[in-house]
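The following explanation leads the reader through one structural model, beginning at a contact between two chains and ending at a single residue.

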Amino acid sequence: MKRIVSVIALAVMFGATSASAQTLKTVKDRGILNCGSNGSLAGFGLPDAQGKWAGLDVDLCRAVAAAVLGDDKKVKFVPLSAKDRFTALQSGEVDVLARNTTWTSSRDTQLGLNFAGVNYYDGQGFMVRKALKVNSALELGEASVCVQQGTTTELNLADYFRANKMKLKTVTFATANEAVKAYDSGRCDAYTTDASGLYAERLRLANAADHIVLPEIISKEPLGPAVRHGDDQWFDVVKWSLYAMLNAEELGITSANVGEMAKSDNPDIKRLLGSEGNYGEQLGLAKDWAVNIIKQVGNYGESFDRNVGAGSPLKIDRGLNKLWSKGGLQYAPPVR
Amino acid sequence: MSIDLRTGSPPARVPFYNDPKVRSIAYQVALCAVIVFLVYGAASNAIDNLKKANIASGFGFWNQTAGFDISQSMIAYSNLSTYGRAFWVGLCNTLLVAAIGIIFATILGFIIGIARLSKNWLVNKAASGYVETIRNIPLLLQLLFWYNAVLKALPDFRDSLSIPGGAFLNNRGLFLPEPIPQTGFSFAVMAFCAGIVVSTGYHIWARKRQEKTGQQAPVFLVSLGLIVGVPLIVFLAAGLPLGFDYPRAGKFNMAGGIEILPEFAALLFGLSIYTAAFIAEVVRAGIRAVSHGQTEAAYSLGLRAQPTLRLVVVPQAMRVIIPPLTSQYLNLTKNSTLAVAIGYPDLVQIFTGTVLNQTGQAVEVVAITMAVYLTISLATSLLMNFYNSRIALVER
């Protein structure tokens, strides 16, 4: 009996080598994409009352599922806290991590991750009560600030106060929910996170009108989807799913007109939609991979508008996230 | 070994592989080899996979800059300190809350446990109610109750509750005046130390005399006078050499004084109150375990109720109480990791939280943390076992 147990243990241990090498095949075989998502951030990742997930990051995962499996509903969303998100990706619990995660050099090199692009250019800000009569983050010396653990936010906060020779009392919580709740109850003078998050969280406070977001943006926060290091094929798939949405917006293809556009004579459009060349096969996907994304999820502009922009309760200005051709930073390499 | 009776010749030699001794040694060696191989295989597999996945490994992170702030630290720490320093801050915070929690839980637990044996109906039922309620509600819920329902509901710091003596209580914590010793204060400290030494000597002398002559001495009163009275007189004579740094309201927070964070207070309340319920049961069981005959025997020797309890019942009860009490202390220390839920910066929150997230080195960080809790627990039980052997019944 003992011998059998040992043999099984051995087999398990040596069989369990890194599962990262063949994510595309694994996802296709499984028939469902596991997506690490924020479970409580309006605009980025949040299930609604019916349990249907919505958000900018959620749309990215749906786009990957549409490209790989042909159906944007074949996604299992795994809500992750900031603190646990990287372990979940490293261990193979999720195939892609789209959870408003800032791309930094140490995350790229030390954590075994690759960032597949930027789906939202953000920056860190502060929210305070109007009653404090604070107009600038530089007046926050000696203040208590609530912050979420395991974020770049936590580090930027410490840097910013040190650089400006201000004292600071941080109160750190494991989840954004607890940090916001503590701020709302008066435990802290200010709450800090990415500016997009501030607008989203403000809507959840007891009395949103009593709070303002200060004008300073103290950091660069390029938020993007991450995959495991060492699986270049899967890395390409996620990267080009995002680029397909951006290229679609640039070429004027929307979920509504994608059918007509297939008849277009524009070679850029023909290549993206698969009526010319074999760019889908090159990625290891079907010919109509981009059509599926655009038809089922929409282009980047539609997704932005629906989740965080003018068509959403957040009403965040596109700002840096406009296409490069309209004065923003969003730029996708061409399909060819 | 037997001798074949029919032929009278010695038995054929047993081959060595049938010798039970050789066999058992061979099995042991084989088992050891398998275990070593399994451990080696698991370790090298983990290292391989980490390397393949481009995840950093090793303990190099220990001396890297942490870059984050911690709300409570007993040793000097800033965001320029290293991850190693952050580890020590977390460990100190864990030990602080565990040590104070153990003291509070023990005092409260003994009071409740004795109250459960009281003949007074009200006291008895109140103590039973406490035990039954508290120990049947999960600790995590109790912590959330103390933090969210009690401490966060305190007034904002601009309308702090002021406590006589210059202390303030608000939803940012309890702010106490910080005593600042001035010249002359050291005399009072010296008198205090001298008081302890002298009263210890007096105690030994009094016991010897009682053993020899049977005469009792007023040890308690004399000790009280030496340890409290004399230093107080010296303190007064030196002209009250103690100043206070009083907390005062700043623009955003209270400034000055000693600050006790609500996260710390909630964790301390939760742990102490929860563990006290279990300790109360341990104490009650321990006292019940001493047979009533012991009390009756003590009475018939002429001892009054108080010395009977102190000299006969409690020493015997302690032998029953100490082992389960030890495991309650260990529970309290381990339960302090629930700090994560309410934002108290203990070892788990800082080290397996932020440090693990930033360095990504799960294997190393979790291994270190497990080793720390193992060490704390083993040290605690070693100490308690030593105490237990001291008070064990001396058999003659």
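In this predicted model, R187(A) forms a salt bridge with E263(B), the closest N and O atoms lying 2.8 Å apart; a salt bridge is a side-chain nitrogen of Lys or Arg within 4 Å of a carboxyl oxygen of Asp or Glu. By this rule, three salt bridges are found across the interface of chain B and chain A.

On the side of chain B that touches chain A, α1 (20-52), α4 (139-151), α7 (262-288) and α10 (347-359) each supply at least two residues; helices are DSSP runs of H or I with at least four residues, strands are runs of E with at least two, and both are numbered from the N terminus. The largest share of that side, nine residues, comes from α1(B).

The contact (heavy atoms within 4.5 Å) takes 48 residues from chain B and 48 residues from chain A.

Within chain A, N38(A) is found in the loop between β1 (33-37) and β2 (46-47). At 7% relative accessibility, N38(A) counts as buried, a term that means under 20% relative accessible area, with exposed over 50% and partly exposed in between (1.4 Å probe, protein chains only). Leaving aside neighbours within four places in sequence, N38(A) is in contact with residues including W53(A), L80(A) and N100(A).

Residues are numbered from 1 along each chain as its sequence is written, and chains are lettered from A and ligands numbered from 1 in the order in which they are written. Local features need pLDDT of at least 70, side-chain atom pairs count only at pLDDT 80 or more, and totals for chains, interfaces and linings use all residues, while side-chain values use heavy atoms, with hydrogens and water left out.
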